[in-house]
Amino acid sequence: MTDLYFRTLTSALHDAGVCTPVMVIDRERLDHNIDHLIDVMNRGFDYRIVAKSLPSVPLLQYIMRRTGTTRLMCFHLPFLMHLIEHIPAADILLGKPMPVCAARHFYAWHGQQTSSMCFAPELQLQWLIDSPQRLQQYEQLAQELNVRMRVSLEIDVGLHRGGFQPGEDFMAALERVSRSPWLSLSGLMGYEAHIGKIPALLGGPTAAFNATRQRYAACVQQVRDVLGEAVLKTLCLNTGGSTTYPLYDADSLGIVSEISVGSALLKPTDFDVETLEHHLPAAYIAAPVLKRVQQPEIPEAPRLSRALRAIGLLPKQGCYLYGGNWLASPCYPAEARLSSLLGRSSNQEFYQLPADTRLQQDDYVFFQPTQSEALLLQFGQLAVVEQGRICDWWPVFSYPDTFPQYRLQRARQPQPCASTLMQPD
């Protein structure tokens, strides 16, 4: 099955004339994974797409159509601008707290753009706030710019990567937002990627999940006490992640309302976990074989090379690839291995091959990415494969042209020159 699958991908790439390394997206497998996600959504949860893990506008739009959501989570200021330019109807939650200067950059950019006028930040954007200090900074900026900001409070539900915990600081933050003419509370966000990594000695994933839910419930109760039940029902109560989303069931309704998922839809190797055993890998790097090599040698050492081959430390055959050194593991041919003696290369990386391989020059070695958020961005176009052929090409995120221009404008503000400062009165 595996051999046939990758031979079919090879034929599709050959038919399309692909001659450089490419990221392949298997749309049928993507649909399979989306269907499992929809099963969890049908338990009563809204879905927010983690855009950093799926950094392609057509890919996001495809998932949005299949899942019926307009909710995105964004983690990078230039990509926030890119999303607004291309998907202006999106509801966007920042997935990490941004320095207040990033918010200042955003509003300066938004005010200059005619193409982004369809996007209303006061209705469609949620800034993430993780501390009393950042809350104060954002309130001061909103007052200075005379804008109203929606803020979501990050809560620490067990990951301990920052955020509010139930208690006095969280209560004070809720009260401050409720009194502010510049801020409005849009929701809470509690990320819990630690759950699946808790060892049995510390209670295991089940105990971690229950503890996480209790911490989230405590914060929800404080919101109820300060703002009332009516306000609570309007909030976005966000949690979840690719490795944990299947754990949420009816018992979590009333505590959380929205689940974020990204990487699970492509299932890179970092997400090969028990909770995603029903998902299929849906993204592969295909690297063209530039050279087949018999009896590879270490430079200037033919005798040593023969000795190393004899004891199995140097392979008897291998290939040099177009590119390499990716955060990825070879998966086809199954016995392809990186040669430690010849080292890593981002230009032409060498892989040893099994003796019975049928791999030839201009074929491809396939890799499964360890993650999606960094690797997809290294390939300008994603090759979308369906029913044995490449049916589409999806571009990955790019920096908006206006973003560096804005930075350049700030850099060009008049500064006193050293020669002027040194002139005598």
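These exercises walk through a predicted model of one protein, each with a worked solution.

Residues are numbered from 1 along each chain as its sequence is written. Local features need pLDDT of at least 70, side-chain atom pairs count only at pLDDT 80 or more, and totals for chains, interfaces and linings use all residues, while side-chain values use heavy atoms, with hydrogens and water left out.

**Exercise 1. The whole protein**

Task: Describe the secondary structure, the box and the burial of the protein.

Solution. 
- Step 1. Take the secondary structure. Helices (H or I, at least four residues) and strands (E, at least two) are DSSP runs, numbered from the N terminus. The protein has 13 helices and 17 strands.
- Step 2. Take the box. Along the principal axes, the C-alpha atoms fill roughly 80 × 75 × 45 Å.
- Step 3. Take the burial. Buried means under 20% relative accessible area, exposed over 50%, and partly exposed in between (1.4 Å probe, protein chains only). Of the 425 residues, 51% are buried.
- Step 4. Take the contacts. A contact means heavy atoms within 4.5 Å. Among contacts with a separation of 6 or more, 71% join residues 24 or more positions apart.

**Exercise 2. Glu 258 and its partners**

Task: Which side chains meet Glu 258 in salt bridges?

Solution. 
- Step 1. Start with Arg 48. Its side chain meets that of Glu 258 at 2.6 Å, N to O. Glu 258 lies in strand S9 (residues 258–261) and Arg 48 in strand S2 (residues 46–50), so the pair ties together parts 210 residues apart in sequence.
- Step 2. Check burial. Glu 258 and Arg 48 are both buried.
- Step 3. Turn to Arg 71. Its salt bridge with Glu 258 is 2.5 Å, N to O. Arg 71 lies in strand S3 (residues 71–74), so this pair ties together parts 187 residues apart in sequence.
- Step 4. Compare accessibility. Arg 71 is partly exposed at 25%, whereas Glu 258 is buried at 0%.
- Step 5. Widen the view. A network of salt bridges links Asp 46, Arg 48, Arg 71, Asp 91, Arg 150 and Glu 258.

**Exercise 3. Helix H3**

Task: Why is helix H3 largely enclosed by the rest of the structure?

Solution. 
- Step 1. Count. H3 (residues 57–67) has 11 residues and eight are buried, so the rest of the structure largely encloses it.
- Step 2. Name some. The buried residues include Leu 59, Leu 60, Tyr 62 and Ile 63.
- Step 3. Find the neighbours. They pack against helix H2 (27–41), S2, S3, helix H4 (77–86) and strand S17 (389–395).
- Step 4. Look past the end. Gly 68 follows H3, with a positive phi near 70 degrees.

**Exercise 4. Cysteines**

Task: How many disulfides does the whole structure hold?

Solution. 
- Step 1. Apply the rule. A disulfide is a pair of cysteine sulfur atoms within 2.5 Å. The search finds zero.
- Step 2. Check Cys 19. The nearest cysteine sulfur, that of Cys 319, is 17 Å away. Cys 19 is exposed at 54%.
- Step 3. Check Cys 101. The closest cysteine sulfur, in Cys 74, is 16 Å away, too far for a bond. Cys 101 is partly exposed at 45%.

Note on methods
Salt bridge = Lys/Arg side-chain N within 4 Å of Asp/Glu carboxyl O.
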